[in-house]
Amino acid sequence: MSEAVLQRPRWRALVAPGLATLVALAILLSLGVWQLERRAWKENLIARIEARARGAPGAIVPEAQWPDWRADDGAFRRVRVGGVFLHDRAVLVHGLAAAQRGAPAQGYYVFTPLRLADGAVVFVNRGFVPSELKDAKGRAAGETPDAAEVTGLVRVPEARGMFVPANDPAREEWFVRDPAQMASARGLDRVAPFTIDADATPNAGGWPKGGQTNLAVPNNHLQYALTWLGLALTLIGVFGAWAWGRLRA
């Protein structure tokens with residue numbers, strides 16, 4: 001009997017494992033390529049956010065366009081707006097602020113409705129206050145009813161995460177930045193579908209402290225891509241070594 005006939009069963013034994021390996025390899029390579037595509041998309045997003053946040057401040061979207069406003073068109077855009085703060089209708093949202101040393105400081109972000117000249121309203125995140133200043137009397141020095149001008153960044157409403165408690169307006173417990181729900185709780189209408197994060201311009205009395213917007217966007221997609229592609233190479237090496245051993249047996 002010829003040597004080719006003797007070797008045929010060994011090749012047949014590699015068919016099923018080889019097909020399974022090819023399927024797994026295709027999946028790993030697809031995941032690696034997808035992460036590279038995600039990296040390019042994320043880099044473009046970061047560049048767009050930086051350009052909007054560092055640009056010259058413009059006007060907010062007119063009220064007539066609010067029903068059609070899209071987050072992709074306005075998020076992180078730098079704007080300047082004037083009006084009168086309605087301090088008695090402010091909403092304090094639980095949050096953390098970066099600390100110079102140690103753990104982040106616990107406290108609240110003060111969302112105050114700003115009544116515009118035409119009567120419409122936009123909620124402004126005036127900044128962070130520590131827990132001990134939750135009482136309005138503790139920060140009253142910075143809460144005058146005079147006309148104000150705010151420069152800041154447009155922010156989209158927050159989506160509540162799986163582990164984030166729901167807002168409880170009846171108990172004044174706020175965890176998610178939702179201008180529509182804030183407006184309903186404060187009896188306001190004609191409210192913008194977005195909020196504005198005020199910049200770091202100091203408030204009278206020192207509180208709240210603005211300029212808290214975090215512009216850092218995680219971009220670990222290259223690391224993920226290298227992981228998937230590395231697994232693909234490992235799979236090729238493992239299968240190649242195993243197949244070589246079976247053929248030589």
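Reader: Hi! What kind of model is this, and how are residues numbered?
Author: It is a predicted model, where local features need pLDDT of at least 70, side-chain atom pairs count only at pLDDT 80 or more, and totals for chains, interfaces and linings use all residues. Residues are numbered from 1 along each chain as its sequence is written, and side-chain values use heavy atoms, with hydrogens and water left out.

Reader: How many residues line the largest pocket, and which lie nearest its centre?
Author: There are 26 lining residues, and L96, Y109, R155, E158 and R177 lie nearest the centre. Lining residues have an atom within 4 Å of a point.

Reader: Which strand gives the most to that lining?
Author: Strand 2, with four residues. Strands are DSSP runs of E with at least two residues, helices are runs of H or I with at least four, and both are numbered from the N terminus.

Reader: You mentioned Y109 and R177. Where does the charged end of R177 sit?
Author: Over the ring of Y109, 4.6 Å from its centre. To count, CZ of Arg or NZ of Lys must be within 6 Å of the ring centre and within 35 degrees of the ring normal.

Reader: New topic! How many aromatic pairs are there in the whole structure?
Author: A search finds four. One of them joins W66 and F194, with ring centres 6.1 Å apart and planes at 85 degrees, so the pair is edge-to-face. Rings of Phe, Tyr and Trp (its six-membered ring) pair if their centres lie within 6.5 Å; planes under 30 degrees apart are stacked, over 60 edge-to-face and the rest tilted.

Reader: Are W66 and F194 buried or exposed?
Author: Both are buried, meaning under 20% relative accessible area; exposed is over 50%, and partly exposed is in between (1.4 Å probe, protein chains only).

Reader: And which residues do ring pairs link into a cluster?
Author: W66, W69 and F194.

Reader: Last one: where is P202?
Author: P202 is in the loop between strand 6 (191–198) and helix 4 (221–248). P202 is exposed, with a relative accessible area of 73%.

Notes:
On a 1 Å grid over the protein atoms alone, a cavity is a set of points where a 1.4 Å probe fits but cannot get out, and a pocket is an open set with protein on both sides within 12 Å along at least five of seven lines; lining residues have an atom within 4 Å of a point.
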